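This report describes the architecture of one protein chain.

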Amino acid sequence: MENTILKEFQLGAKENPETKSIDFKLYSKNATKVLLCIFDTPQGADPVMTLTMEKKEDNVWQTSVKNYVLNYPKSPVFYGYRVFGKNWEYLENFELGSEIGMKSKFDEDGNRFNPNKIAFDPYSKELSHLASDVNPGLNMFRSGSKFHLIDNAKWAIKSVFSKDEIIDNVKITPRAFNREVIGEVHIKDLTQNIFMPEKGTYKGAAKFAKSVKNLGITMIEFLPLNEFDSKQNGVNYWGYMPLAYFAPARKYAFNKEQGSLIKEFREMINEFHKNDIKVCLDMVFNHTGEGGLVNHNPNDAVLLSYALIDNSTYYKVYKNGYYRSNSGCGNDFNVNQKGVLELIENSLIYWINQGVDAFRFDLAAALLENSCDCEAIYDSINSLAAQLKDRLKQKNIKVISDFSKDEDGVILIAEPWTCGGKDCYQLGNFPSFWAEWNDVARDTYRKITLKPNEITPLVLKDVIEGTQSKFKGVNKSINYIASHDGFSLFDLNTFKEKSSSTQGGSDWEISGDYNGDLSLKENGIRKQLTLLFFSYGIPMIQIGDIIMHTKNGNNNSFNKDDGTNYLNWEKALKKDSFENRIMEFTRSLIKFRNENSIFRSDEFVKSLTYHYDNGQVAEAKNLGYWNNPLDVFFGFTINSSQNRIYLASSKADEKINIVLPKNLENKSWHVCFDTSVFNVVDCEAKDYIESRYILNPQALAVFMEK
């Protein structure tokens, strides 16, 4: 993408230099009257100005206010909206705090208009504060019988508009996506245990960029950074309840002054780019953090923005007032409605303008839906997920579709399922320009050491080759062992079941403790990591997993703003510790993958030859081998023009004597590493090996011919 700022959307608040005014534009298809409320302070005061907006074409409501009237740009502008509609009509004698004009709290068309409540702008680039800051119980934001008449203007969340300080984006030389190693992390976890004033912030992450690079990570994937309320409905630490899709979360800013957030965010992006690290944002477009219903009561909903502005446009709603919740989070975003679809598209454009390189979409099967009602119809041709590449192309944004080419553009990554609903598992069904999280690979990497008798050679072969059974040969698999959802890598190899203190979390997660055998545990972790980095596709690893971070058996730490999640770097920096050995081994695996270009070549799968433990070629027609979960050996050569590499893996509980494949002329095998030999953390071809090698129980060894 060019270094110039791309053409932006027209909705929201925007400075008009020609008229020296601020234009306010709001989309609402079902509103019948909209009032713009201007405040001179974010809390504690009524509006200083209320203006009636005019409905223009395409259901856009608009008005303008001169800069000098708003004291702009000297001061930020705080604003919000009162919106009327069919269930609450505007009457000339309307008074705040009254039911004048109200027909119902909601109607069968899904409307929930309530002009007693101030709505913040969905296009806000900054929010003044959060609802829980002023009302932890959210009562004044609810539509229940005791609360629906409360005028919450003094306490409501306000949109903040301020002068934007332009900072040029630092660019990264175009690099193919299949060369990336993705490191997933929560931004606060990354540096909260580091001794520096900026710990846990955008600025702290920027200062830590060089350390991230030293781990071998080339793309950092942050858990959601959109503004959210961490105190809403208990503790929400991870951020998967977004409120504003254009606003960075203030809690992660070192400088929390209004008007400074996006500058610090941009500076962080630039610092990662200076270290040749791309940035991926986790975006949650399947639901919002507005909260839905209170105690499943359709007469009592949390009303912060989208529901007040146009409930039936923004959400999947039933006639009885309930929200569909396939997301499992209280509401489902209505992504195919015109205004919502454009909001999603414009949000991506905005973050690309800030320098973001890639997006991971939470529960992205929601974007494959092709209906505006509550029926889930998945469509890989006409849905938003299918059309997003072309829609962004119209805005001069290129979506990368060939993951092997060094070209500029944005990467789209899907979590290809949702939490509920018919056909909600959509792995392999996204268009080819999408990369997808691969849970088949995840489960296979785990089972190969924890439940080896459930894995056949054919299943492991499929994962090594990029899970072609799902992706039809296209290199689009995001391979991983563990993510923020579920056990950490250390914990899945330590605990048979989740901690009793875990709130929620899966009961069926693949994990184990090797009956307390620490040698088998370390070998198992090394084996899982090796298979991850030797598989076709793009490897992803939690940054915490590189340093063996433990959550003490908690496999759903979304509500833990403490040491459960904060990364502990001290152990990994202690020479020869278990944590240090795994960190150095992982770095060496990444280096080995980078140095052997075949791993990212379109010819990778064609280069593979599979072998029995006697060194002979394992023929495809021998189904007795390929479909036998009790066969303990799996081996393959990678035949590249650069190097010939051999991987040999055992599931046996005892040592096995294997024969290596026949060497090419004037070549011999040299061992690079053996996962059961813990004092070796590098992956360099070292000792010459004759035709035979003894594999230790459950071990994996890699050899190189030279």
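## Burial and strand S18

A residue is called buried when its relative accessible area is under 20%. In this predicted model, that term applies to each residue of strand S18 (residues 434–437): Trp-434 and Glu-436 point one way from the strand, Ala-435 and Trp-437 point the other way, and all are buried.

S18 has partners on both of the strands described here. With strand S17 (residues 411–414), S18 pairs in the parallel sense over three bridges, and Ile-413 has Ala-435 as its bridge partner.

## Confidence

The mean pLDDT of the protein is 95, and 99% of the residues reach 70 or more. Residues 1–7 have a pLDDT below 50, and this stretch makes 17 contacts in the model beyond near neighbours in sequence.

## The parallel barrel

Eight strands close into a barrel with parallel pairing, in the order S9-S10-S13-S16-S17-S18-S19-S20. On average, neighbouring strands of this sheet are turned by 30° against each other, direction ignored. Strand S16 (residues 358–361) pairs with S17 in the parallel sense over four bridges, and Phe-361 stands opposite Ala-414 of S17.

Strand S20 (residues 538–542) is largely enclosed by the rest of the structure, because five of its five residues are buried. Ile-538, Met-540 and Gln-542 point one way from S20, while Pro-539 and Ile-541 point the other way. S20 is joined to S19 by two bridges, the strands running parallel, and Ile-478 stands opposite Ile-538. Three bridges join S20 to S9, again in parallel, with Ile-541 as the bridge partner of Gly-183.

## The open antiparallel sheet

Four strands form an open sheet with antiparallel pairing, in the order S4-S3-S7-S8. Strands S4 (49–52) and S8 (159–161) stand at the edges with a single partner strand each, so one side of each is left without a neighbour in the sheet. Neighbouring strands of this sheet are turned by 30° against each other on average, direction ignored.

Strand S7 (residues 77–85) pairs with S8 in the antiparallel sense over three bridges. Within this pair, Tyr-79 stands opposite Ser-159 of S8.

## Helix H7 and its cover

Helix H7 (residues 306–314) is mostly covered, with nine of its nine residues buried.

## Ser-98

Ser-98 lies in the loop between S7 and helix H2 (131–134). Ser-98 counts as buried because its relative accessibility is 14%, and the cut-off is under 20%. Leaving aside neighbours within four places in sequence, Ser-98 is in contact with Trp-88, Asn-116 and Leu-149. From Ser-98 to Lys-496 the C-alpha to C-alpha separation is 57 Å, and the two residues are 398 residues apart in sequence.

The structure holds eight cavities of 30 Å³ or more. The second largest cavity has a volume of about 150 Å³. Of the 16 residues that line this cavity, the closest to its centre are His-186, Asp-189, Gln-542, Lys-551 and Leu-567. Gln-542 is also one of the buried residues of S20. Strand S9 (182–185) and helix H15 (543–546) each supply at least two residues of this lining, and H15 provides the largest share, three residues.

The largest pocket has a volume of about 1,300 Å³. Of the 45 residues in its lining, Trp-238, Cys-329, Cys-419, Asp-485 and Asn-556 are the closest to its centre. Helix H10 (residues 439–450) gives the most to the lining of this pocket, with four residues.

Terms used: Residues numbered from 1 in each chain as written. Predicted model: local features only at pLDDT ≥ 70, side-chain atom pairs only at ≥ 80, totals over all residues. Heavy atoms only, no water. Pairing = 2+ DSSP bridges. Axes fitted to C-alpha atoms, helices over the stretch in contact; angles between N-to-C directions. Buried < 20%, exposed > 50% of the residue type's maximum accessible area, 1.4 Å probe, protein only. pLDDT = per-residue confidence, 0-100. Contact = heavy atoms within 4.5 Å. 1 Å grid on protein atoms, 1.4 Å probe; cavity = no way out; pocket = protein on both sides within 12 Å on 5 of 7 lines; lining within 4 Å. Points joined across faces, edges and corners; volume = space filled by probe spheres on them.
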